[in-house]
Amino acid sequence: MTGENYFCGNPYLEYLFLSHYNIGMNLDFSTTALLAIDIQNDFCPAYTGLDGKEHSIGALAVSRGNEIIDPLNNLAEKVHKRGGKVLATQDWHPEGHISFASSHKNKKIGDIIIVPVLEKAIVAFNKKFPDLTDPIPAAVQQALWPVHCLQNSKGAAFHEYFNTQLIDFVFRKGFRKNIDSYSAFFENDRCTPTDLYGYLKEQGIDTLIFGGLATDYCVFYTVIDSLRLGFKTFVAGDVCMGIDIPAGSVQKTITTMTEQGAVFVSAADV
Ligand SMILES: [Zn+2]
């Protein structure tokens, strides 16, 4: 398979793929999990559902986001058959969530607000993760988005073509009203943990393979935290798709992930 689709339309990915990995033979699947990030209707373009009904374009649709679903299903099947875990995340916001532009007076989509990091969150983090020494900022920038992935809404539901039968566990994130969570490991304050790390440790997982939406946001932040926490981290670049807002963010985040130690592979090589 060659051409634009294979590399998510990103020539930079093609460059990364030149160093061709075949990791399938070398992975111990008993300690490996695939983490499928946010394969939800609100992050996908319009499509015809399994029942023939039309789904309108998602509130925060990643252009061509649906193109990764079939290959991601195939990858999930492969991981599952070899004894690996298949995990999925779901963005899951309450009404009036901090990440919605409509939750703030005189703010519009794309604006940035500054959210202070709570001192008690930093104290708890330092106690729980004494080995993580990267500094926690006093405040973080939060981009404002359209209302999306409201809890129990059709937009928050998994895309109908995503094979949820294979999923061992779903992690929901962004469900606290006053803090957003791009990463599946930590809230956007970079220090309040979700349940994912504890689950992976409990299961003896030390290797993660990533796919999903969007490359430059939730995939990116989760991959960076995966590296930060010491997991062997692979990104199946052809089953990720980016939103590229602001323009150039896909390439920038791919560069950062690579520099920090993530290994880009194609799903076929797993
Ligand atoms: Zn969100």
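This is a predicted model: local features need pLDDT of at least 70, side-chain atom pairs count only at pLDDT 80 or more; totals for chains, interfaces and linings use all residues.
Residues are numbered from 1 along each chain as its sequence is written.

Figure 1. Helices (H or I, at least four residues) and strands (E, at least two) are DSSP runs, numbered from the N terminus. The C-alpha atoms fill a box of roughly 50 × 50 × 35 Å, taken along the principal axes. For 270 residues, a compact globule would have a radius of gyration near 18 Å, and the value of 18 Å for the chain agrees with this. That radius is taken over C-alpha atoms, and the globule rule is 2.2 Å times the number of residues to the power 0.38. Of the 270 residues, 41% count as buried. A residue is buried if 20 or more other C-beta atoms lie within 10 Å of its own, exposed if 12 or fewer, and partly exposed in between, with C-beta atoms placed from the backbone.

**Figure 2. The open sheet of six strands.** The strands follow the order β7-β4-β1-β8-β9-β10, and their pairing is parallel. Two strands pair if DSSP finds at least two bridges between them. At the edges are β7 (169–173) and β10 (263–265), each of which pairs on one side only. Neighbouring strands are turned against each other by 25° on average, direction ignored. Axes here are lines fitted to C-alpha atoms, for helices over the stretch in contact, and angles run from 0 to 180 degrees between N-to-C directions. Helix α2 (residues 69–81) packs on the sheet and touches β1, β4, β8 (207–213) and β9 (232–241), with its direction at about 160° to that of β1. Two residues are in contact if their C-beta atoms, placed from the backbone, lie within 7 Å. Helix α5 (residues 215–228) lies across β1, β8 and β9 and runs at about 170° to β9.

**Figure 3. Strand β4 and its two partners, β1 and β7.** Four bridges join β1 (residues 32–37) to β4 (residues 85–91), and the two run parallel. Seven of the seven residues of β4 are buried, so the strand is largely enclosed by the rest of the structure. K85, L87, T89 and D91 point one way from β4, while V86, A88 and Q90 point the other way. In the loop between α2 and β4 lies G83, which is exposed, with 11 other C-beta atoms within 10 Å. G83 and A33 are 50 residues apart in sequence, yet 9.2 Å apart in space, C-alpha to C-alpha.

**Figure 4. The largest nonpolar core, with 59 residues.** A nonpolar core is a set of buried Ala, Val, Leu, Ile, Met, Phe, Trp, Tyr and Cys residues joined through C-beta atoms within 7 Å. L34, L35, L75, F210, V235 and A236 have the most contacts inside this core. Helix α5 gives the most to the core, with seven residues. Leaving aside neighbours within four places in sequence, L34 is in contact with several residues, including L75, V86, L87 and I209. In soluble globular proteins, nonpolar side chains tend to be buried together.

Figure 5. Most residues other than glycine have a negative phi, and most peptide bonds are trans. D38, in the loop between β1 and β2 (47–48), has a positive phi of about 50° although it is not a glycine. With 30 C-beta neighbours inside 10 Å, D38 counts as buried. D244 also has a positive phi, near 55°, but counts as partly exposed, with 19 C-beta neighbours inside 10 Å. A cis peptide bond joins I245 and P246, with omega about -5°, and P246 lies in the loop between β9 and α6. Another cis peptide bond joins L213 and A214, with omega about -20°; A214 lies in the loop between β8 and α5.
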